[in-house]
Each structure stands twice: as C-alpha cells, then as structure tokens.
Amino acid sequence: MNYQQAKYLLGAAKLHQLPPDQGIEVAFAGRSNAGKSSALNTLTQQKSLARTSKTPGRTQLINVFTLDEGRRLIDLPGYGYAKVPQAMKEQWQAELGKYLQSRQCLHGLVLLMDIRHFLKDTDEQMLSWAHQVDLPVHCLLSKADKLKSGAKSKALMQCKKQLKDIHPNASVQAFSSLKRQGLDQLYAKLDHWYDPPMLE
Ligand code: GDP
C-alpha cells in the first residue's frame with residue numbers, strides 16, 4: 001500500500017455526509033495534542049495532509065482521505081480539547097462512538113496516546129466502544145523519543161497490562177514521528193487491515 005498517495009476527499013460534520021459505507025477504512029483517533037497529525041504526516045510523508053485537517057473549521061470534522069479507489073484513511077476529530085464547551089465535547093464524543101460502532105467498512109482503529117499520559121478516560125471510552133463491536137485497535141504510544149529506553153519499555157508493558165481489561169485484543173507499540181521510530185510496525189499493521197484487496 002502506498003500511503004504517499006493519500007488525497008483529501010472531504011470533511012464530514014455528520015455521519016451521513018461520509019462516503020458510502022463500502023471498501024475499507026482505517027481511522028486515526030486520539031486526544032488533542034496526542035501527535036495524531038504528526039503521525040499522519042509521517043505515515044503519508046505529506047506535510048499538507050494533516051495541515052488540511054488542522055485548518056480552522058475542519059478540526060471538528062471527520063476528515064476523509066482516499067488512498068486508492070476502495071481504501072480510505074480517516075482522521076477523526078481530536079477529543080478532550082479543554083477550550084470547547086462540555087456539551088459540545090459530549091456531542092462529538094457521541095458522534096465518534098456512532099462512527100466506530102456503525103461503520104461497516106471500518107477495519108481498524110489507530111489510537112494515538114502520548115507515551116507519558118496513556119489511557120485517559122476518553123481513550124478508554126474509545127477502546128471500550130471498539131471492543132463492544134470487535135473492532136481491532138492498534139495503540140500508538142506517541143512521542144516515544146521523550147523517554148529513555150528503560151522508561152519506554154516500562155510504559156509499553158504498563159499500557160499492555162491495562163489494555164487487557166479494556167480491549168484484550170488491542171495491540172500497542174511505541175512511536176515517534178520526530179525520530180521516525182516504529183514506522184515499519186505501523187505500516188505492517190495498516191497493510192494487514194487494508195488487505196485483502198477489494199473484489200468489487
Ligand atoms: P494532534 O493534536 O494530535 O494532531 O498533535 P500534533 O501532531 O499537532 O502534535 C502536538 C504536539 O506534539 C506538537 O507540538 C508536535 O510537534 C509534538 N509532537 C508530535 N509528535 C511528536 C514526536 O514524535 N516527538 C516529539 N518530541 N514531539 C511530537
């Protein structure tokens with residue numbers, strides 16, 4: 001799969017504005033500031049990609065990128081942003097839950113969490129929604145360059161342990177956009193989700 005081909009398609013405020021529920025989607029989610037845009041930039045080697053999602057007015061949208069005819073990359077709105085009123089936060093969160101639980105073409109969720117602050121309440125909520133519908137999740141512990149190798153291993157182990165109670169099948173890896181660490185592992189997971197090739 002060539003992730004450099006990613007092209008912006010549309011931003012959806014509501015689920016009915018999304019493309020038809022066909023093909024294969026993989027979505028990226030995370031708290032604001034978790035490093036999601038940086039990870040998407042690193043993955044696609046396109047600086048402009050995540051900038052598109054960060055354009056004012058687009059940060060609250062489900063931003064859709066096409067990879068090829070049948071495959072899409074989904075940038076979900078960052079959650080937990082402090083300056084947003086509580087009612088609005090809850091509304092977005094509910095919309096995210098609906099997307100995760102009703103989207104048939106969604107094959108996997110990549111959950112970005114800062115390696116120093118993982119599994120906050122909203123992250124747990126996302127994981128538990130995913131678990132309820134057997135949606136595979138791959139956790140990226142971002143900004144791994146901020147920790148020395150001992151602390152990094154400890155964080156990974158701790159996160160794996162905690163995940164057992166929330167989403168036992170979720171996988172987890174350390175990741176750094178800055179140092180481009182963990183990219184091969186991420187590519188392998190995405191390639192797995194985007195296979196098999198579309199038959200239609
Ligand atoms: P988003 O809100 O989840 O899209 O997060 P961003 O990608 O915009 O990143 C938030 C902040 O974390 C920015 O200041 C980034 O420069 C920083 N950041 C993102 N990824 C990394 C990383 O791998 N290492 C380090 N040290 N900083 C990072």
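1. Let's start with Glu95 and Lys98: they sit three residues apart in helix 3 (residues 86-102), so about one helical turn separates them. Helices here are DSSP runs of H or I with at least four residues, strands are E runs of at least two, and both are numbered from the N terminus. An α-helix has 3.6 residues a turn, so residues three or four places apart point the same way. The two side chains meet in a salt bridge, 3.4 Å from N to O; the term means a side-chain nitrogen of Lys or Arg within 4 Å of a carboxyl oxygen of Asp or Glu. Glu95 counts as buried at 13% relative accessibility, while Lys98 is partly exposed at 47%. The cut-offs are under 20% relative accessible area for buried, over 50% for exposed, and partly exposed in between (1.4 Å probe, protein chains only).

2. A word on what you're looking at: this is a predicted model, where local features need pLDDT of at least 70, side-chain atom pairs count only at pLDDT 80 or more, and totals for chains, interfaces and linings use all residues. Residues are numbered from 1 along each chain as its sequence is written, and side-chain values use heavy atoms, with hydrogens and water left out.

3. The salt-bridge count comes to seven. In one of them, Glu25 pairs with Arg72, with the closest N and O atoms 2.8 Å apart. Glu25 is in strand 2 (residues 24-30) and Arg72 in strand 4 (residues 71-75), so this pair ties together parts 47 residues apart in sequence. Both Glu25 and Arg72 are buried.

4. Arg116 and Asp114 form another salt bridge, with 2.8 Å between the closest N and O atoms. Arg116 is partly exposed at 37% relative accessible area, whereas Asp114 is buried at 8%. Shared partners also join Glu25, Arg72 and Arg103 into one salt-bridge network.

5. Back to helix 3. Its buried residues include Trp92, Tyr99 and Leu100. Among the elements covering the buried residues are strand 2, strand 5 (106-114) and helix 4 (121-132).

6. Now the packing. The largest nonpolar core has 36 residues, and Leu76, Tyr99, Leu100 and Leu127 have the most contacts inside it. By nonpolar core I mean buried Ala, Val, Leu, Ile, Met, Phe, Trp, Tyr and Cys residues joined through side-chain atoms within 4.5 Å. Apart from this one lies another core of 23 residues, among them Ala39, Phe65, Val110 and Leu183. Leu100 has contacts (heavy atoms within 4.5 Å) with residues including Leu76, Met126 and Trp129, leaving out those up to four places away in sequence.
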